[in-house]
Amino acid sequence: MPAKNAPVIDAMRALSGQFPRFGSRRIRVLLGREGIVVDEYTRECLAIDVAGSIRSRRVIEVLSRLISVHGAPRYLRSDNGPEFVSTALLKWAVQEQIETALIDPGKPWQNGTNESFNGKFRDECLAMEWFRNRIEAKIVIEDWRTHYNEVRPHSSLQYLTPAEFRRVSECSSTTG
């Protein structure tokens, strides 16, 4: 590094440490721009897939894995990104008997749960970290996802964590 750039680099490091949002952390996370798979009922974040690019085949792989663990949802709500309106994904959804609920362009309120989550994810994780590589991003994001699900209480869930709310819901549905 040339010595003449050292003061600028030091200033950039100081500013990005003080204001993490000023840094440049460009990564793609599943799903689409939103970057997440969230259960709308429990508010549980089921997956955040970090990748260089996201195509419909990758979306199908992640969703198939989630279905094998959690079962199939009745609806798959998503934006109109190319990975969600692809023929392959639409055929897969029909095969899995999952209805699609596409969000109209320019109407984020149709996806309030994910929009709320996205804001928390950006503010509490992405804006606070400076990822040096994709592996580090995957580890830090997965740690944050686990914390979000198992430690962070939510007012919309009577101040339970999403994991606690899911367990309570499962217990009440089996005993009721």
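Arginine 152 touches Lys120, Glu124, His147, Leu160, Thr161 and Pro162 when residues up to four places away in sequence are not counted; contact here means heavy atoms within 4.5 Å. The structure is a predicted model, in which local features need pLDDT of at least 70, side-chain atom pairs count only at pLDDT 80 or more, and totals for chains, interfaces and linings use all residues. Residues are numbered from 1 along each chain as its sequence is written, and side-chain values use heavy atoms, with hydrogens and water left out.

Arginine 152 lies in the loop between H5 and H6. Its relative accessible area is 19%, so arginine 152 is buried (buried means under 20% relative accessible area, exposed over 50%, and partly exposed in between, with a 1.4 Å probe and protein chains only). The C-alpha atoms of arginine 152 and proline 162 are 8.1 Å apart in space, and the two residues are 10 apart in sequence. Threonine 161 is placed in the loop between helix H5 (134–150) and H6. Threonine 161 counts as buried because its relative accessibility is 4%. Its side chain reaches the backbone oxygen of asparagine 149 at 3.4 Å. Apart from neighbours within four places in sequence, threonine 161 is in contact with Asn149, Glu150, Val151, Arg152, Pro153 and His154.

The secondary structure of the protein chain comprises six helices and six strands. Helices (H or I, at least four residues) and strands (E, at least two) are DSSP runs, numbered from the N terminus. The order of the elements from the N terminus is α-β-β-β-β-α-β-α-β-α-α-α. The protein chain has 176 residues, of which 38% count as buried. Of the contacts between residues at least 6 apart in sequence, 59% join residues at least 24 apart.

Helix H4 (residues 112–124) has 13 residues, which at 1.5 Å a residue should span 18 Å; the end C-alpha atoms are 18 Å apart, so the two values agree. The expected span of a helix is 1.5 Å times one less than its number of residues. The buried residues in H4 include Thr113, Asn114, Phe117, Asn118, Gly119 and Phe121.

Helix H2 holds leucine 63. Leucine 63 counts as buried because its relative accessibility is 7%. With residues up to four places away in sequence not counted, leucine 63 touches Val37, Leu76, Leu89 and Trp92. Leucine 63 and leucine 46 are 17 residues apart in sequence, and their C-alpha atoms are 9.6 Å apart in space.

Aspartate 49 is located in strand E4 (residues 49–51). Aspartate 49 has a relative accessible area of 13% and is therefore buried. The side chains of aspartate 49 and arginine 58 are joined by a polar contact of 2.4 Å. A polar contact is a pair of N or O atoms within 3.5 Å; within protein, one must be able to donate a hydrogen and the other to accept it, and residues adjacent in sequence count only if both atoms are side-chain atoms.

The lining of the largest pocket is made up of 31 residues, and Val38, Asp39, Leu46, Pro73 and Tyr75 lie nearest the centre of the pocket. On a 1 Å grid over the protein atoms alone, a pocket is an open set of points where a 1.4 Å probe fits, with protein on both sides within 12 Å along at least five of seven lines; lining residues have an atom within 4 Å of a point. At least two lining residues come from each of strand E2 (37–38), helix H2 (56–70), strand E5 (75–78) and helix H6 (162–175).
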